[in-house]
Amino acid sequence: MTSDTPHLAPYASDPAKSRGRRHAEPPAPTRNAFQRDRDRIVHSTAFRRLVYKTQVFLNHEGDLFRTRLTHSLEVAQLGRSIARSLGLNEDLVEAIALAHDLGHTPFGHAGQDALHECMAEHGGFEHNLQSLAVVDELEERYPEWNGLNLCFETREGILKHCSRRHAEIIEAREPGGVARRFIDGTQPSLEAQLANLADAIAYNAHDIDDGVRSGLLTLAQMREVPLFARYHDEALAEHPQLAGRRLLFEAIRRMLSQQVYDVIDATQAMLRQYQPADADAARRCPPLLRFSDPMRDASRDLKRFLFANLYRHPQVMETTNRGKQVIRELFEAYLARPAEMPAAYAQAAQRERAIADYIAGMTDRFAIREHERLTGRRLFER
Ligand code: MG
């Protein structure tokens, strides 16, 4: 056992037993395989672009809103913290969390929907698949191969969802690889399951913060959500003078902590029940990383509330619809004039896929500028 993995449980992913990389490489002298993956992700171009990509609010709408970068850091923090309590591999959770949104288009989910429509006749566009494409193919950093050449376990976690059709395409290319579980109906590593759950905990909490900060949600309205109301009222009972932002932060802080403790307790109960002997045995169990039933329901209700009242807020819809228009018109412009793209994209054999890859990699502001350059119209003020 190495000093950096003092508390690894038997069911944790062990970097020494990694299924390896697509291109064989000698081990790094000072870092294990998962730490090395994390470092490669942090140094990638796609990671730096996350700072200028929309989570819910466009990057230029305010300096304090979450971007994909700060969201990813919060997911990594929550993931590591839970991993430590469960004896899971923190480095692997961190690597997956930092990479999980690398494939997101500009303008958040609206951008992805628009690109998916543009690609309807050409295989569609899924952000999870795109995250895998970024680390497998699109990053250009090494002399001998495309991509970051990450370990199987990190790539498995990055491919969080995948349609059956795409799973079969990946399986044909990489038999028994990262898409196999979607065909076999097995689970990914516990670390991958954890990164996925930490993602939901993070955005549910920070979207309340950003929603109230933006003025689109009010504290009074948030009290309609039982999960939030419980911690809001608890904070107020202990600190009757608390109001405004500090009350909001204290309620969110309590809600976050309780969700973390709930996941740890519910998961420990599952681990006691199934007793997976190692990481592969855990993959064959039902999902072991989970909320308790009441917390799962409460979290789902919060998500529904945010969907109806924040993500579908007329003001958010208005900007995201303009974002969609930017994506659609960029796609059309590059289709008509591929030479407007960098040569590597302009000369690619699959033109539509290359255009989608190019647009998906853009930051919000680059997409807005590029749209203006190609169409002569400005859809967003700067
Ligand atoms: Mg996310």
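Tutor: With neighbours within four places in sequence set aside, Met 222 is in contact (heavy atoms within 4.5 Å) with Ile 208, Val 212, Leu 217, Phe 228, Leu 302 and Phe 305. The model is a predicted one, in which local features need pLDDT of at least 70 and side-chain atom pairs count only at pLDDT 80 or more, while totals for chains, interfaces and linings use all residues. Residues are numbered from 1 along each chain as its sequence is written, and side-chain values use heavy atoms, with hydrogens and water left out.

Two terms are needed for the core. Buried means under 20% relative accessible area, exposed means over 50%, and partly exposed covers what lies in between, with a 1.4 Å probe and protein chains only. A nonpolar core is a set of buried Ala, Val, Leu, Ile, Met, Phe, Trp, Tyr and Cys residues joined through side-chain atoms within 4.5 Å. Helices (H or I, at least four residues) and strands (E, at least two) are DSSP runs, numbered from the N terminus.

Met 222 belongs to the largest nonpolar core, which has 79 residues; Met 222, Ile 41, Leu 88, Leu 102, Ile 208 and Phe 228 are those with the most contacts inside it. Helix H13 (residues 244-274) supplies the largest share of this core, ten residues. A second, separate core has 24 residues, among them Leu 115, Tyr 334, Ala 360 and Leu 379. In soluble globular proteins, nonpolar side chains tend to be buried together.

Next comes the metal site. Donors are N, O and S atoms within 2.8 Å of the metal (3.2 Å for Na, K and Ca), and sites may look incomplete because water is not among the atoms. The magnesium ion has four protein donors listed: His 71 (NE2), His 100 (NE2), Asp 101 (OD) and Asp 199 (OD), at 2.1 to 2.7 Å. Along the chain, the donors follow the spacing H-x28-H-D-x97-D. His 71 lies in helix H3 and Asp 101 in the loop between H4 and H5, so this pair ties together parts that are 30 residues apart in sequence. His 71 is buried, with a relative accessible area of 0%; Asp 101 is buried at 3%.

Asp 101 also takes part in a salt bridge (a side-chain nitrogen of Lys or Arg within 4 Å of a carboxyl oxygen of Asp or Glu). The partner of Asp 101 is Arg 68, with the closest N and O atoms 3.0 Å apart. Asp 101 sits in the loop between helix H4 (90-99) and helix H5 (108-118), and Arg 68 in helix H3 (residues 68-86), so the pair ties together parts that are 33 residues apart in sequence. Arg 68 is buried, as is Asp 101.

The total by the salt-bridge rule is 39. Another of them joins Arg 80 and Glu 90, whose closest N and O atoms are 2.8 Å apart. This pair links distant parts of the chain, with Arg 80 in helix H3 and Glu 90 in helix H4, ten residues apart. Arg 80 counts as partly exposed at 22% relative accessibility, whereas Glu 90 counts as buried at 18%. A further salt bridge is that of Glu 340 and Arg 337, at 3.6 Å, N to O. Glu 340 is partly exposed at 27% relative accessibility, and Arg 337 is partly exposed at 38%. Salt bridges with shared partners join Arg 31, Arg 38, Asp 39, Arg 80, Arg 84, Glu 90, Asp 91 and Glu 94 into one network.

The aromatic rings remain. Rings of Phe, Tyr and Trp (its six-membered ring) pair if their centres lie within 6.5 Å; planes under 30 degrees apart count as stacked, over 60 as edge-to-face and the rest as tilted. The count comes to five aromatic pairs. Tyr 345 and Tyr 358 form a tilted pair, 4.9 Å centre to centre, with 40 degrees between the planes. Tyr 345 is in helix H17 (residues 343-346) and Tyr 358 in helix H18 (residues 351-361), so the pair ties together parts that are 13 residues apart in sequence. Tyr 345 is partly exposed at 25% relative accessibility, and Tyr 358 is buried at 13%. Ring pairs link Tyr 345 and Tyr 358 with Tyr 334 into a cluster.
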